Number of protein chains: 2
Amino acid sequence: MAAPEGMFVLEGRPTAQLIADQLRELIVQGAFSPGQQVNESALASQLSTSRGPLREALQRLCQEGILVSKRNRGVFVLELSTQDVKEIYAVREAVELAAANTLLDSDSEQVADTCRELKGIIRNMAKQVAASDWQAIARLDMQFHTAFVSGTGNTRLIRIYETLAAESRMCILSLEVAYPRIDVLVQEHQQILEFLEARDRSGLQQAIKRHMQKAVEDLTASPEATGITA
Amino acid sequence: MAAPEGMFVLEGRPTAQLIADQLRELIVQGAFSPGQQVNESALASQLSTSRGPLREALQRLCQEGILVSKRNRGVFVLELSTQDVKEIYAVREAVELAAANTLLDSDSEQVADTCRELKGIIRNMAKQVAASDWQAIARLDMQFHTAFVSGTGNTRLIRIYETLAAESRMCILSLEVAYPRIDVLVQEHQQILEFLEARDRSGLQQAIKRHMQKAVEDLTASPEATGITA
DNA sequence: TAAGTGTAGATTGTCAACAATACACGATTC
DNA sequence: GAATCGTGTATTGTTGACAATCTACACTTA
């Protein structure tokens with residue numbers, strides 16, 4: 001037999017990770033409000049599993065920082081302050097700058113592959129902008145940046161960025177429809193792509209810095225209108 | 001009552017985190033050999049707890065990447081390849097560069113506090129170098145860099161770096177006594193401290209880059225003599 | 001009325017037993 | 001003799017029950 005391929009390996013990944021991934025997706029989609037307690041029994045039965053595996057998954061998300069655990073109290077979904085927003089985007093900037101440098105140091109084939117993927121994402125983004133599907137836009141926004149970092153092939157950088165992406169989506173979620181002007185959003189991503197294609201290091205670095213700075217400004221501009229705590 | 005202060009809060013932190021911290025320390029001290037399977041029952045009784053809490057702790061360390069979980073097989077201690085070493089130090093460089101920039105953007109008091117701490121660590125390091133206590137040197141080495149990043153106050157950056165520090169100690173552990181020439185090690189840290197005190201941005205950046213580059217060279221120089229896989 | 005106290009309910013923390021899976025070793029067959 | 005098959009053992013995965021803790025609310029008391 002050549003290879004079992006898709007022959008029901010029935011999820012080779014460990015259970016806790018599967019549950020954690022499901023739960024993370026639920027959280028970034030806003031299925032839980034910030035600061036809300038996560039009820040273990042309820043969630044376990046909802047995900048049709050037991051409390052044991054669920055708790056293991058919760059611990060993973062606590063380690064990520066998406067959930068916070070208080071002894072004998074339970075776990076709660078992270079509440080984002082403006083301080084948190086600044087932190088998150090500062091780290092994102094650091095990671096993306098590192099990714100940019102790594103990419104520009106790598107062979108052009110790898111860069112080309114990444115550019116192809118980014119181009120497709122931008123196309124989809126423009127499509128969703130036309131449809132004003134904010135949830136989809138937020139997803140594609142992070143998908144763009146995740147793909148950018150994934151282009152480096154640095155698994156640790158990628159893992160770190162996955163967490164940052166989740167937290168960013170939680171930030172954006174708080175903004176809700178108050179997403180900044182959208183044409184600018186697409187344009188900024190387009191710009192990053194072009195600098196990468198042109199292999200313009202300093203241009204790419206500046207574009208990333210601007211993009212992050214703008215994002216922080218948008219997210220911290222009207223704290224009273226959002227769920228983000230002062 | 002003014003404040004209960006140290007009045008037996010009896011570990012407010014969640015259990016899984018406590019166990020995870022213990023276990024992480026055991027791992028970076030080399031209590032387990034790379035690639036070794038972690039036996040749940042044995043470890044649980046050894047740490048005088050049950051399998052439940054222990055498994056939760058293991059999941060945390062899996063999320064960090066210090067352990068790897070294989071379904072229906074168990075969790076194993078991370079085996080480091082030269083590729084891993086390169087990844088780890090690339091991310092460390094990114095994080096420390098970001099920390100450097102953040103520090104130099106902050107007020108001088110914060111920088112002064114950090115410098116004071118770093119100076120003390122270097123003193124201790126020189127002491128241990130005289131005693132040739134490699135285990136202690138490795139600990140102080142990472143303590144220096146952790147303190148450097150902690151100076152930023154960015155909790156996410158700090159958390160990320162804690163994992164990187166653990167992985168770095170696992171790298172150094174593989175090197176064992178083959179630590180590079182020690183006078184240079186102290187000197188390099190001293191240099192970083194001086195650039196920080198002088199608030200010399202580009203000098204500090206270059207020093208960090210050199211430090212990381214040297215470390216990778218040392219760690220990947222003689223792969224046959226170490227436990228690091230090709 | 002306001003502060004403090006005690007109880008009830010709910011939720012988390014822990015544990016031990018059960019089920020399922022994978023690995024190792026010996027038996028069997030060609 | 002080599003490969004394959006079947007069995008046994010050890011380890012992980014899962015579950016439900018029990019214990020400990022916290023929050024909320026009604027009750028008492030100054």
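The second largest pocket is lined by 22 residues, and Cys62(A), Gln63(A), Gln17(B), Arg60(B) and Arg159(B) are the ones nearest its centre. Here a pocket is an open set of points on a 1 Å grid over the protein atoms alone, with protein on both sides within 12 Å along at least five of seven lines, and a lining residue has an atom within 4 Å of a point. The elements giving two or more residues to this lining are α3 (51–64) and β2 (67–70) of chain A, together with α1 (15–28), α3 (51–64) and α7 (155–175) of chain B. Helices (H or I, at least four residues) and strands (E, at least two) are DSSP runs, numbered from the N terminus. The most comes from α7(B), with 6 residues. About 430 Å³ of space lies in this pocket; such a volume is the space filled by probe spheres set on the points, which are joined across faces, edges and corners. By class, the lining divides into 6 nonpolar, 6 polar and 10 charged residues. For these classes, Ala, Val, Leu, Ile, Met, Phe, Trp, Tyr, Cys and Pro count as nonpolar, Asp, Glu, Lys and Arg as charged, and the others, Gly among them, as polar.

Before going further, a word on the model: it is predicted, local features need pLDDT of at least 70, side-chain atom pairs count only at pLDDT 80 or more, and totals for chains, interfaces and linings use all residues. Residues are numbered from 1 along each chain as its sequence is written, chains are lettered from A and ligands numbered from 1 in the order in which they are written, and side-chain values use heavy atoms, with hydrogens and water left out.

Now turn to the largest pocket, with a volume of about 1,600 Å³. Of its 50 lining residues, Ala94(A), Leu97(A), Ala98(A), Ala94(B) and Leu97(B) are the closest to the centre. Two or more residues come from each of α4 (82–105) and α9 (201–221) in chain A, and from α4 (82–105) and α9 (201–221) in chain B. With 14 residues, α4(B) gives the most. The lining has 19 nonpolar, 19 polar and 12 charged residues.

What about enclosed space? The structure holds 1 cavity of 30 Å³ or more, a cavity being a set of points where a 1.4 Å probe fits but cannot get out. Helices α3 and α7 of both chain A and chain B each supply at least two lining residues.

Next comes the interface, to which chain A and chain B each bring 34 residues in contact, meaning heavy atoms within 4.5 Å. The area buried between the chains is about 2,900 Å², with carbon and sulfur atoms giving 45%; buried area is the accessible area (1.4 Å probe) that two parts lose on being put together, summed over both. Gln63(A), Arg71(A) and Arg156(A) supply 26% of the area that chain A buries against chain B, more than any other three residues. The interface also has 8 salt bridges, each a side-chain nitrogen of Lys or Arg within 4 Å of a carboxyl oxygen of Asp or Glu. In one of them, Arg156(A) pairs with Asp84(B), the closest N and O atoms being 3.0 Å apart.
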